[in-house]
Amino acid sequence: MAGGSLAFKLWICVCALLFVHSHCFYLPGVAPEDFLVGDELKVKVNKLASTKTQLPYSYYSLPYCRPKKIVDNAENLGEVLRGDRIENSPYVFKMREPQMCKILCHITLDAKTAKEFKEKIDDEYRVNMILDNLLLVFPIPRPDQENSFVYQHGFHVGLRGQYAGSKEQKHFIHNHLAFTVKFHKDAQTDSARIVGFEVKPFSVKHEFEGEWKNEKTRLTTCDPHAKRLVTNSETPQEVEDKKEIIFTYDVEFQESDVKWAYRWDSYLLMSDDQIHWFSIVNSLMIVLFLSGMVAMIMLRTLYRDISKYNQLETQEEAQEETGWKLVHGDVFRPPSNSDLLCVYVGTGVQFFGMILVTMIFAALGFLSPSNRGGLMTAMLLLWVFMGLFAGHTSARLYKMFKGTEWKKITLKTACMFPAVVFVIFFILNGLIWGEKSSGAVPFGTMFILVFLWFGISVPLVFVGSYIGFKKPAIEDPVKTNKIPRQIPEQAWYMNPAFSILIGGILPFGAVFIELFFILTSIWLHQFYYIFGFLFIVFIILIITCAEITIVLCYFQLCSEDYLWWWRSYLTSGSSALYLFLYATFYFFTKLEITKPVSGVLYFGYMLIVSYAFFVLTGTIGFYACFWFTRLIYSSVKID
């Protein structure tokens, strides 16, 4: 035991060191940077993204203007998994020095590059850029509010439409970018901090005088001396074979009252706070309804039952009684497939710990959008470290079921759920790789994921199992009979399939409104930063899962059906089925995905999410029912 304790302490120390390292790793770029007049501002390019295909591509997968040498930025694990590729660009800004009609480069399209541009325009791809760790946005005025904007991430590669009376749909590229850099000036010094990065894209068919002289060429369509900006009234630049395209840009600097600490606020403002509050109120009503039922059962029915059972004096009276007391000799009988139940409960505890800690850190502001990939990296690392609790939980439950082969159950706990997810993820990654998307996870990252799994998570699960199995077994409050009691015929509404499906509706109903915002942030590339709301909804989900399972478990025991182990897990876990059905509804009503590969990716990832939700909610329901049954059967006198 001393050796186990020492090993446990050693693992805790190693995990603490790793956590400190990872903490430093996924919180980059949060320190402010001061710029003086004339300081160079480095614009970086990010991925090309589309809500229609959900397949990200590298910026330089299109023949855009390139710097002399393309340099990739160091990326964390979360950024790689999301398909983010951050590279340098040829855009050169000087702090608080406006530029107009700045020529970037000149290219001539061939049939192949013209086709690539057309495909990206048809699929509504957007170009993403970064300046001082701030995303480029395109402000769209709100029709209902004056001087208020909705910010769209990046700008579209181009547009498609008719021009000059032509009935044919043509493709036009956005080749002139009017950048606006907003800064907040320090009152005491001449330095300033960047608090905004906006763009207005235009499509302009540039013309020039004489021969092409690179940046020294004089454009007749854009006069920097007359300070005449390019507008949409000019002839747009068509995308066709052998067409010449000149890329240009303007830079304007605007002083802002917004301080650096609040520069993300305008990006994160959501116009539907009222809907979030409606979600909370809706969920609270469900919780209050269920709490009332549980209170009635616990305070009235159960109290009456326990008092009556404890006052029975003769054996004849006891035999005449019906209800949940009669199954006391079978209620703690180990269920069929008890090994699988131990594995699922252990995995659910692992999920619960990961989500709870992630929510706390997110609510405290550690996982803000400025830390790109931080949320996913944190969740992966926490999942790995929570393997300790998964192993401990499954081993304790396994020993209670009189199991002896703890290593076997530990290996299943460490590998079953991750293996299922990894197989699905590997297949989806192969599809992404086949589309030549930057979202494909490279071999090196795959190796890191496998190392985190087998190098850290599996050993931690074994450490947790070893400690859990060494502890004394959990004692049942009543003895189990040797011969199982026959279960009487049940009413139609107590049919397992019916009660399980009914049990999943309320937990899903408590979260489905918030689920809409989560799906929107993932699949429509919007920010989700209302972690305070999400944390409240998560607490409501826990209470709802627990209460609905307790209510249905009580009804089941009263009808003398003692097979509650798996049913308690499946009752609240069935909410995952409704989640997947809602995801299907969302796909057909809110998304405009047309490519078969993109559809497979959507349903593949949502299948993983639904499976994880099943494991989480099922475990919550199981432990609520486990606590409930032990409480009521320890309160009655059993001869």
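Guide: In this predicted model, N133 sits in the loop that joins β4 (126–131) to β5 (134–135). With a relative accessibility of 15%, N133 counts as buried. N133 and K44 are 89 residues apart along the chain, yet their C-alpha atoms are separated by 9.0 Å.

Next come the aromatic side chains. Y57 and Y125 form an edge-to-face pair, with 5.8 Å from centre to centre and 65° between the planes. Y57 belongs to the loop between β1 (40–49) and α2 (77–82), and Y125 to the loop between α3 (111–122) and β4, so the pair ties together parts that are 68 residues apart in sequence. Both Y57 and Y125 are buried. Another edge-to-face pair is made by Y59 and Y60, at 4.9 Å centre to centre and 85° between the planes. Both Y59 and Y60 are buried.

K120 bears on both members of the Y57 and Y125 pair. The charged end of K120 sits over the ring of Y57, 4.4 Å from its centre, and also over the ring of Y125, 5.5 Å from the centre of that ring.

The loop between β1 and α2 also holds a cysteine, C65. C65 forms a disulfide with C105, the sulfur atoms being 1.8 Å apart. The torsion about the S-S bond is about -75°, so this disulfide is left-handed. C105 lies in strand β3 (residues 99–108), 40 residues from C65, and the pair links distant parts of the chain. Both cysteines, C65 and C105, are buried. A search of the whole structure finds one disulfide. Elsewhere, C415 counts as buried at 18% relative accessibility, and C553 counts as buried at 3%.

T248 lies in strand β13 (residues 244–255) and, at 1% relative accessibility, counts as buried. Leaving out residues up to four places away in sequence, T248 touches K102, I103, L104, N175, H176, L177, H206 and L219. With H176 there is a polar contact, side chain to side chain, at 2.5 Å.

H176 falls within strand β11 (residues 176–185), which also carries K182. The side chains of K182 and E198 meet in a salt bridge, 3.1 Å from N to O. E198 counts as buried at 12% relative accessibility, whereas K182 is partly exposed, with a relative accessible area of 22%.

K185 forms a salt bridge with D190, the closest N and O atoms being 3.8 Å apart. K185 is partly exposed at 27% relative accessibility, as is D190, with a relative accessible area of 40%. R96 joins K185 and D190 in a network of salt bridges.

R630 lies in helix α17 (residues 596–633) and D476 in the loop between α11 (443–470) and α12 (496–503), so the pair ties together parts that are 154 residues apart in sequence. R630 is partly exposed, at 21% relative accessible area, and D476 is partly exposed at 24%.

Methods. Residues are numbered from 1 along each chain as its sequence is written. This is a predicted model: local features need pLDDT of at least 70, side-chain atom pairs count only at pLDDT 80 or more; totals for chains, interfaces and linings use all residues. Side-chain values use heavy atoms; hydrogens and water are left out. Helices (H or I, at least four residues) and strands (E, at least two) are DSSP runs, numbered from the N terminus. Buried means under 20% relative accessible area, exposed over 50%, partly exposed in between (1.4 Å probe, protein chains only). Rings of Phe, Tyr and Trp (its six-membered ring) pair if their centres lie within 6.5 Å; planes under 30 degrees apart count as stacked, over 60 as edge-to-face and the rest as tilted. A charge sits over a ring if NZ of Lys or CZ of Arg is within 6 Å of the ring centre and within 35 degrees of the ring normal. A disulfide is a pair of cysteine sulfur atoms within 2.5 Å. A polar contact is a pair of N or O atoms within 3.5 Å; within protein, one must be able to donate a hydrogen and the other to accept it, and residues adjacent in sequence count only if both atoms are side-chain atoms. Contact means heavy atoms within 4.5 Å. A salt bridge is a side-chain nitrogen of Lys or Arg within 4 Å of a carboxyl oxygen of Asp or Glu.
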